[in-house]
Amino acid sequence: MSQQTLRIQKISAHSGSIPGEGMQREFTVCKLIDTTTCIGCKACEVACMEWNDLPFGQTVFDNTYQTMPDTRWNYWNLIKFNEHEREDGTLMWLMRKDQCMHCAEPGCLAACPSDGAIIQYTNGIVDFQQEHCIGCGYCITGCPFNIPKFNNETKRVYKCTLCADRVNESLEPACIKSCPTGCLHFGTKDDMRELAEDRAKQLRDHYGFAKAGVYDPPGVGGTGVIYVLHDVTNPEAYGGLPNNPHVPWSVKLWKGPLKWIGNVAMVGGLIGLFVHYLRFGPKTREEEFETKHQGEQP
Amino acid sequence: MTNGWVDMKNTDMMLIMGGNPAENHPCGFKWAIEAKRTRNAKMIVVDPRFTRTAAVADLHCQIRAGSDIAFLGGVIHYAIENNRIAKDYLINFTNAAFIVKPGFQLPGDTDGVFSGFDAKTQTYDKATWNYQGSGTGAGKDAVTNYALGAAAHPPSSGAPPVPPLPAKVDFDLSLQNPNCVFQLLKKHYSRYTPEMVERITGIPKEQFLKAADLYTSIRKDGDMKKASTIIYAVGWTQHSFGTQIIRTAAILQLLLGNVGRAGGGVNALRGHSNIQGATDMAGLFDNLPGYVKVPTPADTSFDSWMKRITPTPSKPAPWDSFNYYSNTPKFAASYLKALYGDAATKQNGWAFDYLPKVDRNYSWVQMWDDMYNGTVKGMLAFGMNGVAIGPNSKKNIDALKKADWLVVGEIYPDETSEFWRSPGITTDEMKNIQTTVYRLPCAGFAEKDGSFTNSARWLLWKNTALPTPGEARLDQAIVAQIFLKVRELYKKDGGKFPDAILNLTWNYSNPSSPPLAEVLKEVNGKALADLEDPATKQQIKAGQQLPGFAWLKDDGTTSCGNWIYSGSFTEAGNQTARRDPSDPSGLGVHPGWGWSWPANRRVLYNRASCDVDGKPWDPTRKQVWWNEGQQRWLGNDVPDFKVDSKPKDHMGPFIMNPEGVGRIFAPLAAFADGPFPEHYEPIESPIDNPLHPQQTNNPVVKRFKTPDDKYGTPKDGYTIVCTTYRLTEMYHYWTKNNPMNVQLVPQPFVEIPAELANDLGITGGEKIKVSSIRGDYIARAMVTKRIKPMMIDGKKVYQIGFPIHQGYRGIVEDEGKDARTLANLLTPTVFDPNAYTPEFKGFLVKVERA
């Protein structure tokens, strides 16, 4: 379900106007994750599970403090632990909270072929609408951060909602609320950017991290989740954070210059449908009923 | 803590050692992070592993478990050598200038022991551990000193009599006298050179010097504005010399002038609620509530008991000493009035005879030994899992096999109540176990009200969140009902000494389940007669709650269950339930949030935050100050001092010591193992003590002698140093029953250095067996770069460690998928001679594939 009081600015595979677009000025929200004060306590993981009522899953010890190798359809918030040796031989234990980055130009939304399955609110939150999801998995291809996860039982895709339901009620996301060290912050993008830059400067000036900086990759138009990193030139060290993420070319081409091919195919499909109608006539009521309920899960 | 959680935000420098607060105290740790964010504070972490705390530290030193005194002693040596000390503070607020008796000898001058050691009894005659001076002061009547610290079996008959402290102490403010405390300190730690620190701790010299330089940098050029804090937890206490590690930290903090100051202090992080409260309420056998020393068989009357435990001032003649413990008789008499009400009279010494007299050690490890040896027949186990806690879980299991009965109050089936089917016990063996086990369902923490006392000494009231499920009962209801039954039996059948039971006050509105608010009121204390304060003319009517411990009397007109908690539940109501977050000073005092002992004071010894004239060392962090106009001490915090004592009278800020000053040298019976801390090796160590190979271990520590008490050596193949710890994802042995926690940490694991894994051909995730001479622990290998091999005294030594949270009952355990061993099957039965804490850290093991 979309959040009725949050305004929408982008809808997947939607032609035509967006209801209510531009009616109100809204701030872009942003989550700031300061990896330099994260202690990897996993309170955010638990808060995410609890708030979103996600079912428990099996985990297996895997030579790490990390709960599981990657986020799952029912585990949207995962701290990635990485032992990292610096050039001077000193060790760092990097901890990065991984979740949907809520890109300004979301690859998932661009790739999605189902009208309304992925929407972006004017506050920047990218939200999956599972009732419109057709389970094609294109969003998974479209995401440069490997976030959307497919549920084999429901045949739909899930991810962090930035607690759109809480934000809708003027609350911070559950992960932010639970963070004991205050390494997580939530506010407008402008404010978070400023806070992040200040912290990065402090790290450069007082803590000897000459390359400290803010991760807010332009390749996806900036993100609704930004990181302060000890070394912004090496985000890969933080559990595979891409250095220069961008929406895959295939998706860009498909939804951009090559979109007409799809349109042609769609028109072709419609013609085919019309021909089919001419030849076989309309469906009976029973057939219609069966078709309608086939795809639904109890 | 001398200070508090919130106060950490005021610090400029943190030394975190023997604790992993990011892991175990993540919520309180926010204030350490706050100091970094707002003050550019630096954080040094010294730990056997690169921990979650180390991940946000500015410097991490990997130390060998059990070598902390060597490290801290090295920092003391560095601070003195580089003149990074707080000279004025040291001279005026500590006993640095006091002259010590000429017969006193340091371990560097002998064979590694202090003067007065008797090798046969493994005890010290402490006559030389005293100040030079004249007049008789504290402890003027020599009484038999029961060696409560000794692991006595059979009971010890008592140690040599305690000599007195002199009333007038000789001193030298120039600190030049070779026998003054400062010179002795300097001499003692001159042996702790960076090279020696490296040999013992395994921390490379350059890295140690970096840490020492950084930590002492706050006193560069004698500047007194900055403050640094030392933060520790059970990584310090759980050694056979744990108390002395903390002593070393206290000495360092006194040397740097950090005690009593915002952002300073020596700060113990208590493991879980309500440990601080348990300690305050006489969790240890040698205390009564409020740390009043227990009577021993040598105390024949209330007066003789008071004479022994009430100190008299011992100080340089021109100085003043408040000697607050001179009020001990008021605390003790009021306590007895709270226990026995009208049955406690002046004639019967406030029912002194009803109090048990403690003749020897009854501490945790000793108690299990006594059960093993058949003198303890039964056990009530509430709020703890004794078998899993250990140490030496097998010994505890074997002890329970010999007990007649065991009552366990728990919310889950636990290892203790099911000791009789612990792994390895065969069905035939089970048939021979005759112990009757009662398992009572108790209330969980959310199902009870009451107060928690946190590490910062803050009492915080909590409300009941949920009703108790099913047949579960509140702990206090179970205890009360047992008491009422026992009392009934005494009433009916009499007994050897029924008075102490029959006369106990039990004035609760619901005797079979005393409401905890009523208990707190009783603990706070009330007036038993109309009282008037002669100075302020303030009056209290009989029956009214006392405003604080200053009102306590030794004439039977007040009752109080615990003097340090007096003020927590006054006529104004339950002070621990207050929730006013305001903080006018911005120093994190929050005077209206809960209530902290003593007297709602947030930083102890805060008089020391000012110079001799009563002016704050740092005007930007004003805690208390002398107001010349009002002739009083005022403050943002409650002054920890006699409020009208003029600075020129030179009263010492450490009012709980008879000297009035901080003890760099701890005289006489203060500690069982020495007036200065000396590095001794853990009972199981990979090396001989490099300081004195002929005296490797703490000389007063005794070993236990049952067949279950075995101690390993490198010669037996146990060459790897092992330590145990906890995880943020888990809570003790509880959360293995919660699917959420189990999802976060599904299986037990052992952290081993990549190099060791390589040597043994072990890959990450593989099942391995860690064995000490006492038992095996089977878990998955976590191969990590976060523990490195070390060079200890020229030898390559590996160090490993593992969390303690799993056992043989729990979600994963019951599925039978993984090993069902307890971490504490490996740990040795040995304890610290002062606090009786077992040595869970730093024992020897070997590792192989399982």
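**Close-up views of a predicted two-chain model**

**View 1. Domains 3 and 4 of chain B and the contact between them.** In this predicted model, the C-alpha centres of domain 3 of chain B and domain 4 of chain B are 27 Å apart. The contact draws 18 residues from domain 3 of chain B and 20 residues from domain 4 of chain B. On the side of domain 3 of chain B that touches domain 4 of chain B, the elements giving two or more residues are α13 (364–372), α14 (386–389) and α15 (393–402) of chain B, and the largest share, three residues, comes from α15(B). Sorted by class, the residues on this side of domain 3 of chain B are eight nonpolar, five polar and five charged. For orientation, chain B as a whole is divided into domain 1 (6–93 + 189–274), domain 2 (277–298 + 324–358 + 515–577), domain 3 (364–502) and domain 4 (714–849).

**View 2. Helices α3 and α6 of chain B.** Two packed helices are described by the angle between their axes and the distance between the axes. Helix α3 (residues 68–81) of chain B packs with helix α6 (residues 194–201) of chain B at an angle of about 165°, and their axes are 9 Å apart. Because angles over 145 degrees count as roughly antiparallel, α3(B) and α6(B) are roughly antiparallel to each other. The crossing in which α3(B) passes α6(B) is left-handed. B:Ala70, B:Phe71 and B:Gly74 make the contact from α3(B), while B:Pro194, B:Val197, B:Ile200 and B:Thr201 make it from α6(B). By class, this contact holds five nonpolar and two polar residues, with no charged residues.

**View 3. Helices α3 and α7 of chain B.** Helix α7 (residues 205–216) of chain B also packs with α3(B), here at an angle of about 60° and with the axes 10 Å apart, which makes α3(B) oblique to α7(B). The crossing in which α3(B) passes α7(B) is right-handed. From α3(B), the contact is made by B:Gly74, B:Val75, B:Tyr78 and B:Ala79, and from α7(B) by B:Phe208, B:Ala212, B:Tyr215 and B:Thr216. The residues of the contact of α3(B) with α7(B) comprise six nonpolar and two polar, and no charged residue is found among them.

**View 4. An open sheet in chain A.** Strands of a sheet pair through backbone hydrogen bonds, either parallel or antiparallel. In chain A, three strands in the order β1-β5-β6 form an open sheet, and the pairing is antiparallel. The edges are taken by β1 (8–11) and β6 (126–128) of chain A, each with a single partner strand, so one side of each is left without a neighbour in the sheet. On average, and with direction ignored, neighbouring strands of this sheet are turned by 30° against each other. Between β1(A) and strand β5 (residues 118–121) of chain A, which run antiparallel, there are three bridges; A:Lys10 has A:Gln120 as its bridge partner in β5(A).

**View 5. The side of chain B that touches chain A.** Here 30 residues of chain B are in contact with 27 residues of chain A. The elements that give two or more residues to this side of chain B are α2 (30–39), α20 (739–744) and β29 (776–784) of chain B. Divided by class, the residues of this side are 16 nonpolar, seven polar and seven charged.

**View 6. The two domains of chain A.** Chain A is divided into domain 1 (8–251) and domain 2 (259–294), and the centres of these domains, taken over C-alpha atoms, are separated by 39 Å.

Notes
Residues are numbered from 1 along each chain as its sequence is written. Chains are lettered from A and ligands numbered from 1 in the order in which they are written. This is a predicted model: local features need pLDDT of at least 70, side-chain atom pairs count only at pLDDT 80 or more; totals for chains, interfaces and linings use all residues. Two residues are in contact if their C-beta atoms, placed from the backbone, lie within 7 Å. Helices (H or I, at least four residues) and strands (E, at least two) are DSSP runs, numbered from the N terminus. Ala, Val, Leu, Ile, Met, Phe, Trp, Tyr, Cys and Pro count as nonpolar, Asp, Glu, Lys and Arg as charged, and the others, Gly among them, as polar. Domain bounds come from an automatic or database domain assignment. Axes are lines fitted to C-alpha atoms, for helices over the stretch in contact, and angles run from 0 to 180 degrees between N-to-C directions. Angles under 35 degrees count as roughly parallel, over 145 as roughly antiparallel, 65 to 115 as roughly perpendicular and the rest as oblique. A crossing is left-handed if the near helix is turned anticlockwise from the far one by less than a right angle, and right-handed if clockwise. Two strands pair if DSSP finds at least two bridges between them.
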